[in-house]
Amino acid sequence: MVLCIGPTGSGKTLLLKKLQNIDAVDNTTSAVPTVGTNIINLKVADKLYTIRELGGAIAPMWPNYFVNVGKLMYVVDASDLCQISAAGVLLYTTLVNPLLKGAKFLLVLSKMDTSYRQMRNEALLMLQMRRLQNEISQKITILEASAIDGKGRDEILKWITD
Ligand SMILES: Nc1nc2c(ncn2[C@@H]2O[C@H](COP(=O)(O)OP(=O)(O)OP(=O)(O)O)[C@@H](O)[C@H]2O)c(=O)[nH]1
Ligand SMILES: [Mg+2]
């Protein structure tokens, strides 16, 4: 099972919808906050993958879902300066959870289609990724994505199915 988490509004639901169907999302698509969790089935090359999104609103309950997680995607809105450090704190708390010691991590910088997005390096600096990487044993893959223009879609699918 792949888990998808991140602060509320970071773009998880829309991104997962885009992964499911490239034509399902364009700049007229909107999403409502996920209350609780949301299951997405992905069919890639005739194989079925299940992703569970945990809404940002239930962040205190995320660890209840960390049992038997092989892969974890953490989505951060790279265009929202106000929440990026808070997203980093949540990410850190998640990474140090002993239940996730063996999990593969993917950090997704989302909404890369917006004009006020942070560049990859600035976003990683604000998330204090370098310090974080020194303190944890897992390797983190970092990808930039947009649910609107489909940037990063192929790379994320590859990470999920690898
Ligand atoms: N420009 C742009 N807007 C996006 C993108 N992805 C999501 N949004 C917008 O961001 C808002 C939140 O998106 P959601 O996908 O619902 O966010 P979420 O992470 O699922 O939020 P919760 O379910 O509350 O945890 C919506 O208004 C989306 O339209 C993106 O790639 N680009
Ligand atoms: Mg959602």
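Which residues line the second largest pocket? The views below take up that question and two other sites in this predicted model.

**View 1. The lining of the second largest pocket.** Here you can pick out Ser-85, Gly-88, Val-89, Tyr-92, Thr-93, Met-126, Leu-127, Gln-128, Arg-131, Leu-132 and Glu-135, the residues that line this pocket. Helix 2 (81-95) and helix 4 (129-135) are the elements that each give two or more residues to the lining. Helix 2 gives the most, with five residues. By residue class, the lining splits into five nonpolar, four polar and two charged. The volume of this second largest pocket comes to about 210 Å³.

**View 2. The largest pocket and the residues nearest its centre.** With a volume of about 390 Å³, the largest pocket has a lining of 23 residues. Look for Gly-9, Ser-10, Gly-11, Leu-14 and Lys-111, which lie nearest the centre of the pocket. Helix 1 (residues 12-20) gives the most to this lining, with four residues. The lining is made up of eight nonpolar, 11 polar and four charged residues.

View 3. Val-108 counts as buried because its relative accessibility is 0%, and the cut-off for buried is under 20%. For a sense of scale, the C-alpha atoms of Val-108 and Glu-155 are separated by 11 Å, with the two residues 47 residues apart along the chain.

Definitions and conventions:
Residues are numbered from 1 along each chain as its sequence is written. Chains are lettered from A and ligands numbered from 1 in the order in which they are written. This is a predicted model: local features need pLDDT of at least 70, side-chain atom pairs count only at pLDDT 80 or more; totals for chains, interfaces and linings use all residues. Side-chain values use heavy atoms; hydrogens and water are left out. On a 1 Å grid over the protein atoms alone, a cavity is a set of points where a 1.4 Å probe fits but cannot get out, and a pocket is an open set with protein on both sides within 12 Å along at least five of seven lines; lining residues have an atom within 4 Å of a point. Grid points are joined across faces, edges and corners, and a volume is the space filled by probe spheres set on the points. Ala, Val, Leu, Ile, Met, Phe, Trp, Tyr, Cys and Pro count as nonpolar, Asp, Glu, Lys and Arg as charged, and the others, Gly among them, as polar. Buried means under 20% relative accessible area, exposed over 50%, partly exposed in between (1.4 Å probe, protein chains only).
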